[in-house]
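Biologist: Before we turn to details, please show me the model under discussion. I shall then ask about its surface, its fold and its pockets.

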Amino acid sequence: MTDSGTTSENDARRLRRCFFIAASFATVLWLIKLVEITFDLNLTPYGVNPLRASGLWGILWAPLIHGSLSHVFANTLPIIILGTALLYGYPRSAKIVIPVIYLGTGVGVWLFARSSYHIGASGLTLGMMLFVFTIGVLRWDKRAIALALIVSFLYGGTIWGIFPGDPQISYESHLFGAVIGVVLAIMFKNYDPAPPEKKFSWEDEEDNVEDDGEQTEGDGTASKQSENELPLH
């Protein structure tokens, strides 16, 4: 089996693992919402309530709580796609970046947001999107560029969520998630090594042909030099 084939298999296996992790987190969001509906619970008070001691617990729980099925549905695909992109493209950074966005967004909301309960994973998704996009612009290797283009094409429009609009939407969560994502992209732009350039078997054949040509040319030159060095009669 060629090295390129082995690398492709490893990449595919790692991509599936990253997808599974992201999808598992999205599944947890759905399970929490379904339990809340089934048992007629109200988990909103477990969200972030700014500048209140009781609201500090929301830093941990707010991203897991959603106001409606449509709310959790709106965050499901972004969590899966952006989470997979971040975990796959930047596995070393992801171990730090995801927890920092998750907790840092809540801290920013608790310190500076409006007095209300802030819930939902939108801050996390926007932070991941801005991280993947910004680091792609900064690194400029093939994989980073591809991931940046994908996330910007799919979710670039969500950047407008950082501005005040619908009073029922926590733009503060979006804003702090976005800012943290950009800052982390700058800090960790070189933390993950660039992926090795793939070299295909036909490229090796071309290199061998070029080497043979150079060797033949060298032998011809040597022969001519030998003829010129023969004594004249």
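Modeller: This is a predicted model. The accessible surface of the protein chain comes to about 14200 Å², and carbon and sulfur atoms account for 65% of that surface.

Biologist: What percentage of the residues of the protein chain count as buried?

Modeller: A residue counts as buried when its relative accessible area is under 20%. Applied to the 233 residues of the protein chain, this gives a buried share of 37%.

Biologist: How many helices and how many strands are there in the protein chain?

Modeller: From the N terminus on, the elements run α-α-α-α-α-α-α-α. The count is therefore eight helices and zero strands.

Biologist: Is I21 buried, partly exposed or exposed?

Modeller: I21 is found in helix α1. The limits are 20% for buried and 50% for exposed, with partly exposed in between. The relative accessibility of I21 is 44%, so I21 counts as partly exposed.

Biologist: Which element gives the largest share of the lining of the largest pocket?

Modeller: The largest pocket has a volume of about 460 Å³. It is lined by 21 residues, and D11, R143, A194, P195 and P196 are the closest to its centre. Two or more lining residues come from each of α1 (3-38), α3 (69-89) and α6 (142-155). The largest share, five residues, comes from α6.

Biologist: How many nonpolar, polar and charged residues does the lining of the largest pocket have?

Modeller: The classes follow residue type, with Asp and Arg counted as charged and Ala and Pro as nonpolar, among others. By this scheme the lining of the largest pocket has ten nonpolar, two polar and nine charged residues.

Biologist: Which elements give two or more residues to the lining of the second largest pocket?

Modeller: The second largest pocket holds about 400 Å³ of space. Its lining comprises 17 residues, with H71, I119, Q168, I169 and S170 nearest its centre. The elements that give two or more residues to this lining are α5 (122-139) and α7 (171-187).

How values were computed:
Residues numbered from 1 in each chain as written. Predicted model: local features only at pLDDT ≥ 70, side-chain atom pairs only at ≥ 80, totals over all residues. Heavy atoms only, no water. 1 Å grid on protein atoms, 1.4 Å probe; cavity = no way out; pocket = protein on both sides within 12 Å on 5 of 7 lines; lining within 4 Å. Points joined across faces, edges and corners; volume = space filled by probe spheres on them. Helix = DSSP H or I, 4+ residues; strand = E, 2+ residues; numbered from the N terminus. Buried < 20%, exposed > 50% of the residue type's maximum accessible area, 1.4 Å probe, protein only. Areas by Shrake-Rupley, 256 points an atom, 1.4 Å probe, with all protein chains shown as cover.
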